[in-house]
Amino acid sequence: MWVRSTMAYRASFAMTTIGNFAASGLDFVAILLMFSHIDALGGFSLAEVALLYGATSCSLGLADLTLGSMDRIGRRVRDGTFDTLLVRPVPVLAQVAADRFALRRLGRIGQGALVLGWGVAHVDVAWTLPKGLFTVVMVVSGAAIFASVFIAGAAFQFWATEAAEVQNSFTYGGSTLLQYPPTVFATELVRGVTFVVPLAFVNWLPALRLLGRDNPLGLPGWVDFCGPFVALLMLTGAGLLWRVGLRSYRSTGS
């Protein structure tokens with residue numbers, strides 16, 4: 001329904017998608033401005049940073065396209081409209097994901113894919129079919145990791161209805177963090193996004209493997225391949241948290 005309503009005004013859809021493309025690209029413009037004054041950032045070249053940027057942008061874009069409406073849970077809980085989702089014979093999570101589905105978010109995915117493609121073409125990597133498949137798995141696993149954060153954040157809103165910005169700090173804020181090399185951050189922060197909220201598996205660890213660089217934490221090499229496992233583990237945990245939050249919902253009481 002939301003896709004049909006969007007496509008009813010094709011010129012508006014095109015303009016909003018282009019606007020989304022341009023707005024999301026401002027982060028990479030900032031990176032280009034930095035590299036107009038430096039040759040490397042934390043030991044990473046522009047092409048290598050573009051690989052990091054493109055991977056996390058594509059991953060977040062895919063998760064945002066499918067689950068970007070999760071921040072509406074708190075509002076629905078406050079005004080009582082969440083009750084309408086419970087009486088429909090469709091899984092509540094699917095309804096929330098489809099609520100006000102915004103096709104314009106394809107702009108973010110397109111912009112990230114463009115930068116990723118440029119980075120892949122210019123990094124000093126001898127590309128093979130396994131490495132290409134590994135890059136695809138990196139993007140898909142990263143999208144699943146971001147999706148789990150969206151779901152967990154939505155579940156938290158059953159108890160703290162004003163918690164949407166907390167969720168955004170880990171999704172959009174985490175994506176901004178991952179656009180830069182891990183070598184420019186303190187070791188404690190890198191540990192935090194590896195072991196506490198494992199966003200490092202979105203692109204940092206697999207990208208280090210692709211680029212042939214050492215892990216800043218000195219972790220064994222097999223950790224770089226754990227992205228799909230971490231994504232599955234996080235999705236399972238987020239799903240359980242969602243079920244607990246849904247069962248604890250008691251309406252507005254009015």
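The model described here is predicted. Glu48 forms a salt bridge with Arg213, and the closest N and O atoms of the two residues are 3.0 Å apart. Glu48 belongs to helix α3 (residues 46-67), whereas Arg213 sits in the loop between α11 (204-211) and α12 (227-248), so this pair ties together parts that are 165 residues apart in sequence. Arg213 counts as partly exposed because its relative accessibility is 29%.

Side chains of opposite charge can pair when their charged atoms come close. How many salt bridges does the structure hold? There are four salt bridges in the structure, among them the pair of Arg213 and Glu48.

## Further salt bridges

A salt bridge also joins Asp64 to Arg105, with 3.6 Å between the closest N and O atoms. Asp64 lies in helix α3 and Arg105 in the loop between α6 (92-98) and α7 (106-122), so the pair ties together parts that are 41 residues apart in sequence. Are Asp64 and Arg105 buried or exposed? Both residues are buried.

Arg209 is bridged to Asp224, where the closest N and O atoms are 3.4 Å apart. This pair links distant parts of the chain, since Arg209 is in helix α11 and Asp224 in the loop between α11 and α12, 15 residues apart. Arg209 counts as partly exposed at 36% relative accessibility, while Asp224 counts as buried at 8%.

## The surroundings of Asp64

Asp64 is placed in helix α3 and has a relative accessible area of 5%, so it is buried. Besides the salt bridge with Arg105, the side chain of Asp64 makes a polar contact of 2.8 Å with the side chain of Tyr172.

Which residues does Asp64 contact, leaving aside its neighbours within four places in sequence? They are Arg105, Arg108, Phe150 and Tyr172.

## Packing of helix α3

Helix α3 packs with α8 at an angle of about 45°, their axes being 8 Å apart. That angle makes α3 oblique to α8, and α3 passes α8 in a right-handed crossing.

With α7, helix α3 packs at an angle of about 155°, and the axes are 7 Å apart. The two helices are therefore roughly antiparallel. The crossing in which α3 passes α7 is left-handed.

## Phe146 in helix α8

Phe146 lies in helix α8 and counts as buried because its relative accessibility is 0%.

Phe146 and Leu67 are 79 residues apart along the chain, and their C-alpha atoms are separated by 9.4 Å.

## Helices α8 and α11

The axes of helix α8 (residues 129-156) and α11 come within 10 Å and cross at roughly 165°. The two helices are therefore roughly antiparallel to each other, and α8 passes α11 in a left-handed crossing. Lys131, Phe134, Thr135 and Met138 of α8 make the contact with Pro206, Ala207, Arg209 and Leu210 of α11.

## Thr194 in helix α10

Thr194 lies in helix α10 (residues 187-196) and counts as buried because its relative accessibility is 5%. A polar atom of the Thr194 side chain lies 2.7 Å from the backbone oxygen of Val190.

Not counting residues up to four places away in sequence, Thr194 touches Ala200, Phe201, Leu205, Leu217 and Leu219.

Terms used: Residues are numbered from 1 along each chain as its sequence is written. This is a predicted model: local features need pLDDT of at least 70, side-chain atom pairs count only at pLDDT 80 or more; totals for chains, interfaces and linings use all residues. Side-chain values use heavy atoms; hydrogens and water are left out. Helices (H or I, at least four residues) and strands (E, at least two) are DSSP runs, numbered from the N terminus. Buried means under 20% relative accessible area, exposed over 50%, partly exposed in between (1.4 Å probe, protein chains only). A polar contact is a pair of N or O atoms within 3.5 Å; within protein, one must be able to donate a hydrogen and the other to accept it, and residues adjacent in sequence count only if both atoms are side-chain atoms. Contact means heavy atoms within 4.5 Å. A salt bridge is a side-chain nitrogen of Lys or Arg within 4 Å of a carboxyl oxygen of Asp or Glu. Axes are lines fitted to C-alpha atoms, for helices over the stretch in contact, and angles run from 0 to 180 degrees between N-to-C directions. Angles under 35 degrees count as roughly parallel, over 145 as roughly antiparallel, 65 to 115 as roughly perpendicular and the rest as oblique. A crossing is left-handed if the near helix is turned anticlockwise from the far one by less than a right angle, and right-handed if clockwise.
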